[in-house]
Amino acid sequence: MRATAQKQESASKKGKSLPSFVELPAGYTLIMVKPTTPAKRKAAAKYLLDNMPPPVKKGEKGAAQLVAEYRRS
Amino acid sequence: MKPFVLDSSVLIACIFGDTEENELYASSVIRQIVEGNLQPIVPQHFHVELAEFMVRRRRTKEAKFGAARLKKTMQSIEDLGIETQLINYVFTNLVEWSETFHIQAKDSPFVALAYKLDIPIATLDGGIIQACKTHGISRIVFH
């Protein structure tokens with residue numbers, strides 16, 4: 001009985017520590033950002049830009065069009 | 001750093017390829033982030049869309065988007081320092097925003113966030129571009 005109660009209390013505590021958007025009062029936000037550095041940002045951008053695929057050919061669907069179709073599906 | 005809402009269409013265009021014009025736009029946005037001129041802010045729905053497109057592309061088993069590339073791409077996006085604003089919304093808010101801005105429900109968290117914070121948005125989505133024009137929301141443009 002005692003062990004069960006402890007488990008429940010532990011789960012309850014865990015639940016309380018989880019950020020939940022539905023528990024935030026309307027109009028309030030919770031902000032999350034992964035720490036980074038200018039050097040990391042620069043390296044990240046370099047990787048993304050260096051690996052950007054060649055532009056799609058005329059008549060082919062680009063990513064933005066696929067996103068628009070996904071959103072309208 | 002000027003805050004702006006980053007629509008997932010911009011990063012998806014950068015990762016998976018788009019027209020020359022759209023790729024130029026996406027690369028300009030990324031350069032402005034690195035130069036410290038722009039601070040990207042996203043709603044939580046951004047992560048769903050980005051993940052959706054990555055998972056889809058992996059399932060097509062394209063050689064150019066293998067496990068190593070996926071891992072490096074995800075790490076790079078994380079290192080851009082994108083700020084996620086967990087807005088308090090439920091389906092009724094999404095419906096209301098969609099009706100207000102005349103957009104799809106999946107577009108609405110991006111537009112509502114820009115409107116709420118009164119900041120510009122970077123997007124390649126035609127529906128969002130039109131909503132910005134109609135409702136006085138600035139779109140990041142480059143000359």
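A residue is called buried when its relative accessible area is under 20%, and exposed when that value is over 50%. The model discussed here is predicted.

**Buried residues of chain B**

Because its relative accessibility is 1%, Cys14(B) counts as buried. Another cysteine, Cys132(B), has a relative accessible area of 3% and is therefore buried. Glu49(B) is buried as well, since its relative accessibility is 0%. The table sets out these values.

| Residue | Relative accessible area |
|---|---|
| Cys14(B) | 1% |
| Cys132(B) | 3% |
| Glu49(B) | 0% |

A disulfide would be a covalent bond between the sulfur atoms of two cysteines.

**Helix α1 of chain B**

Cys14(B) is one of the buried residues of α1(B), which also include Ser8(B), Val10(B), Ile12(B) and Phe16(B). Helix α1 of chain B covers residues 8-16, and nine of its nine residues are buried, so the helix is largely enclosed by the rest of the structure. Just after α1(B) comes Gly17(B), which takes a positive phi of about 90 degrees.

**Glu49(B) and its surroundings**

Glu49(B) lies in helix α3 of chain B, which spans residues 45-59. When neighbours within four places in sequence are left aside, Glu49(B) is in contact with residues of chain B, among them Asp7(B), Ser8(B), Ile12(B), Lys106(B) and Phe110(B), and also with Tyr70(A) and Arg71(A). The side chains of Glu49(B) and Arg71(A) are joined by a polar contact of 2.6 Å.

**The interface of chain A and chain B**

How many residues of each chain take part in contacts between chain A and chain B? Chain A contributes 38 residues, which are in contact with 56 residues of chain B. Between them the two chains bury about 4,000 Å², of which 60% is on carbon and sulfur atoms. Of the area that chain A buries against chain B, 21% is supplied by Arg41(A), Tyr70(A) and Arg71(A), more than by any other three residues.

Eight salt bridges are found across this interface. Glu78(B) forms a salt bridge with Lys34(A), with the closest N and O atoms 3.7 Å apart. Residue pairs in polar contact between chain A and chain B, both at pLDDT 80 or more, number 16. On the side of chain A that touches chain B, the elements giving two or more residues are β1 (29-33), α2 (38-50) and α3 (63-72) of chain A. The residues of that side divide into 26 nonpolar, six polar and six charged.

Technical notes:
Residues numbered from 1 in each chain as written. Chains lettered and ligands numbered in written order. Predicted model: local features only at pLDDT ≥ 70, side-chain atom pairs only at ≥ 80, totals over all residues. Heavy atoms only, no water. Helix = DSSP H or I, 4+ residues; strand = E, 2+ residues; numbered from the N terminus. Buried < 20%, exposed > 50% of the residue type's maximum accessible area, 1.4 Å probe, protein only. Polar contact = N/O pair within 3.5 Å; in protein donor to acceptor, adjacent residues only side chain to side chain. Contact = heavy atoms within 4.5 Å. Buried area = accessible area lost by both parts, 1.4 Å probe. Salt bridge = Lys/Arg side-chain N within 4 Å of Asp/Glu carboxyl O. Nonpolar A, V, L, I, M, F, W, Y, C, P; charged D, E, K, R; others polar.
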